[in-house]
Amino acid sequence: QTVMVGENVTFSCVVTGVPTPVVTWLRNGTLLPSGGHYTITHDFKLIITYVEQHDAGWYKCKGDNPQSSRTSRGARLTVRIPRGSCDFEDGLCNFRDVQRDDDFNWIRQQGSTLSQHTGPSTDHTLGTANGHYVYIESSSPRIQGEKAILQTPWMKLQDPNCNVTFYYHMLGTT
């Protein structure tokens, strides 16, 4: 499979045996722990959320029980790094709303925000209410000092003089 940094991927493994084998997953021959952005489901699937560049490699599932041990042929995961351009019209463009180290979340929106008299009525790219943007709600119940993290994907920079440009809109009393 080939995916972009920040996407999710699922590998399946069919296992049978009596007693039911214990299934583990390997990447490049090394045992993969369940946890972090790796989840091994009850039906032996491996789900990798928010794929990172270091997740690339050869994945195999291994089933063990007292009768035998079998390892699958495996599947290769190729991870591509996106080129940097995002207008939020097609989603979050592999940006990631980090939810474990912050206090509240980014919201992808069209038109006005939910709180009155605060957000833009149009986006910067299309200049209409049909365009998308991301924002954080800074009105109540937000408390000073809280943070919301929007993490960029890994990007392979072709030009050492690259520029990062953000457009922002501030309106309201908070």
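Predicted model: local features only at pLDDT ≥ 70, side-chain atom pairs only at ≥ 80, totals over all residues.

User: What does the chain average for pLDDT?
Analyst: The average is 84, and 92% of the residues score at least 70.

User: Where is confidence lowest, and where is it highest?
Analyst: Strand β10 (residues 96–98) is lowest with a mean of 81, while strand β2 (residues 9–11) is highest at 96.

User: OK, packing. How many residues are in the largest nonpolar core?
Analyst: It has 17 residues, and those with the most contacts inside it are Phe-11, Trp-25, Leu-46, Ile-48, Tyr-59 and Leu-77.

User: Which strands supply at least two residues each?
Analyst: β2, β3 (22–27), β6 (46–48), β7 (57–64) and β9 (75–80) each do that.

User: And what is Ile-48 in contact with?
Analyst: Setting aside neighbours within four places in sequence, Ile-48 contacts Phe-11, Tyr-59 and Leu-77, among others. Asp-55 is also one of its contacts.

User: Switching topic: how many salt bridges are there?
Analyst: The count is 3. In one of them, Asp-55 pairs with Arg-27 at 3.7 Å, N to O. Asp-55 sits in the loop between β6 and β7 and Arg-27 in strand β3, so the pair ties together parts 28 residues apart in sequence.

User: Are Asp-55 and Arg-27 buried or exposed?
Analyst: Both are buried.

User: What about Glu-146, which residue does it bridge to?
Analyst: Glu-146 bridges to Arg-142, with the closest N and O atoms 2.8 Å apart. Glu-146 is partly exposed at 26% relative accessibility, and Arg-142 is partly exposed at 27%.

User: And Lys-45?
Analyst: Lys-45 meets Asp-43 in a salt bridge at 3.9 Å, N to O.

Conventions:
Residues numbered from 1 in each chain as written. Heavy atoms only, no water. pLDDT = per-residue confidence, 0-100. Helix = DSSP H or I, 4+ residues; strand = E, 2+ residues; numbered from the N terminus. Core = buried A, V, L, I, M, F, W, Y, C linked by side-chain atoms within 4.5 Å. Buried < 20%, exposed > 50% of the residue type's maximum accessible area, 1.4 Å probe, protein only. Contact = heavy atoms within 4.5 Å. Salt bridge = Lys/Arg side-chain N within 4 Å of Asp/Glu carboxyl O.
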